[in-house]
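This briefing is for a reader new to the structure.

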Amino acid sequence: MPATVVVGLQWGDEGKGKTTDLLSDSVDLVVRYQGGDNAGHTVVLGGEVFKLHLIPSGILHPHITPVLGCGVVVNPKTLLDEMSALQERGIDTSRLRVSHAAHVIMPYHIAQDQATEARLDAEGLGTTRRGIGPAYADRAWRTGIRVGDLLDRQGLRHKLARILPGRNAMLHEAFGLPVLDLDAVHADAAACGERLAPHITDTTGLVQDALAGGQHVLLEGAQGTLLDLDHGTYPFVTSSNAVAGGACTGGGVGPRQIDRVIGVMKAYSTRVGSGPFPTELDDQTGRHLVERGSEFGTTTGRRRRCGWFDAVPLRSAVAVNSASSIMLNKLDVLSGLPELRLCTGYRVDGRDRHWPLSADELQRAEPVYRTMAGWTEDLGAVRRMSDLPPAAVDYVRAIEDMAGVPISLLSVGAERTRTIVRDPLGDGALAVRALTEQSAA
Ligand code: IMP
């Protein structure tokens with residue numbers, strides 16, 4: 001049985017949660033492969049809205065085993081809080097599995113992230129201040145605490161006694177912050193370990209056994225390609241590999257085990273945090289996108305920066321992820337705009353330029369637009385491509401031409417049923433059953 005990767009092709013918040021949810025009926029395991037509680041997935045299920053940060057949205061389906069792979073950084077407190085919140089709403093969280101090799105976000109990581117951002121102020125990266133970067137830095141430095149370490153009280157204390165003095169010196173001397181107490185940090189971490197113990201396991205073995213046993217594994221990326229540590233707009237990126245390749249290292253699968261990569265994007269662009277954004281709109285159209293698209297961060301509540309669809313990074317995003325098809329979300333949000341623009345190129349210092357550019361060059365990039373007709377019709381009830389207004393069909397086809405791979409799923413609203421399945425024999429086939437059963441119910 002295959003492994004499918006769901007990956008964001010833009011700056012995150014593309015609606016990957018809906019894609020995963022749509023495919024969930026044919027999936028046995030959903031594995032998050034990178035990122036931490038900086039992410040946010042909003043899933044609308046049975047009229048209820050679920051906002052998830054760390055736990056894969058597969059948790060909402062009783063037949064799915066949700067997994068946090070070794071490429072994830074885990075804040076144990078927020079994980080336990082998220083589990084409790086789900087339990088209070090009647091969701092069983094006992095199936096959740098967390099990799100023993102995933103790294104733990106410790107209180108000193110959060111303090112360092114917050115203090116660095118506060119000091120840099122407008123010059124900062126605009127991180128989510130959840131300690132993501134410092135936790136991944138410790139992993140690379142080989143001074144990290146792993147989830148499995150939380151289970152060994154004595155060993156954990158020994159490691160913390162070695163690490164904490166250096167971190168305290170940095171917090172105190174560089175930022176003037178109070179130092180952290182070894183006993184308290186140790187007691188908190190060990191208590192979280194006790195509570196998480198039933199969930200901690202070798203998730204790579206779990207995933208491999210599932211694949212060997214003919215189960216379908218879905219690997220779910222957080223953030224998006226343009227926030228990838230290596231392929232994004234460095235340094236305005238997150239600290240992990242959001243691209244599909246990250247699913248191998250962070251999820252525990254080999255490249256030949258992945259046979260389907262669904263790239264997810266929105267019909268326009270958004271970005272949260274700092275960094276260049278050539279098609280950003282600071283006008284009435286930008287406000288339309290924020291309001292109609294409810295473009296506020298799931299994790300931080302920050303208003304997302306909005307802009308026209310940018311096709312310049314699209315080709316390379318499709319290529320670097322080897323996307324086999326695309327799910328295009330939020331087409332309905334564009335209804336009511338008199339005309340639409342697609343960014344098809346950049347001019348930098350008077351010359352035509354292509355992706356990738358350095359963050360500096362990208363900052364100076366002037367977008368070259370193709371203008372297209374808009375439409376006024378509400379798309380919420382549309383379920384077939386042929387029922388879309390002609391201008392919307394032209395817009396989708398233009399994006400598809402530039403992407404070079406089929407757009408097999410189109411979303412016209414947050415609910416699961418508000419989806420157009422264009423390619424029932426390809427990636428869309430996985431979604432067809434879910435939608436058919438939903439409309440029959
Ligand atoms: P960090 O991941 O908190 O270190 O933040 C680094 C950059 O990634 C910042 O610009 C954040 O706003 C952005 N970022 C992190 N997670 C997400 C996400 O889930 N969606 C959108 N942007 C994100």
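The points below are grouped by topic, after a short note on the model.

This is a predicted model, in which local features need pLDDT of at least 70 and side-chain atom pairs count only at pLDDT 80 or more, while totals for chains, interfaces and linings use all residues. Residues are numbered from 1 along each chain as its sequence is written, and side-chain values use heavy atoms, with hydrogens and water left out.

**Ligand site**

- The ligand is surrounded by 17 residues, a residue being near if one of its heavy atoms lies within 4 Å.
- Asp13, Asn38, Thr128, Thr238 and Arg302 are the closest of these.
- The shell consists of seven nonpolar, eight polar and two charged residues; Ala, Val, Leu, Ile, Met, Phe, Trp, Tyr, Cys and Pro count as nonpolar, Asp, Glu, Lys and Arg as charged, and the others, Gly among them, as polar.
- Because domain 1 (3–76 + 203–440) and domain 2 (103–198) both give residues to this shell, the ligand lies between them; the domain bounds come from an automatic or database domain assignment.
- Oxygen atoms of the ligand lie 2.6 Å from a polar side-chain atom of Thr238 and 2.9 Å from one of Asn38.
- A nitrogen atom of the ligand lies 3.2 Å from a polar side-chain atom of Gln223.
- The protein buries 96% of the 470 Å² that the ligand exposes when taken alone (Shrake-Rupley method, 1.4 Å probe).

**Second largest pocket**

- On a 1 Å grid over the protein atoms alone, a pocket is an open set of points with protein on both sides within 12 Å along at least five of seven lines, and lining residues have an atom within 4 Å of a point.
- The volume of the second largest pocket is about 190 Å³, counted as the space filled by probe spheres set on the points.
- Its lining has 13 residues, with Asn75, Lys77, Ile105, Met106 and Pro107 nearest the centre.
- Helices H2 (76–88), H3 (107–120) and H6 (182–196) each give two or more lining residues, and H6 gives the most, with five (helices are DSSP runs of H or I, at least four residues).
- By class, 10 of the lining residues are nonpolar, one is polar and two are charged.

**Cavities**

- The structure holds two cavities of 30 Å³ or more, a cavity being a set of grid points where a 1.4 Å probe fits but cannot get out.
- The largest cavity has a volume of about 80 Å³, and its lining includes Trp11, Met265 and Phe309.
- The second largest cavity holds about 40 Å³, and its lining has three nonpolar, one polar and four charged residues.

Methods:
Polar contact = N/O pair within 3.5 Å; in protein donor to acceptor, adjacent residues only side chain to side chain.
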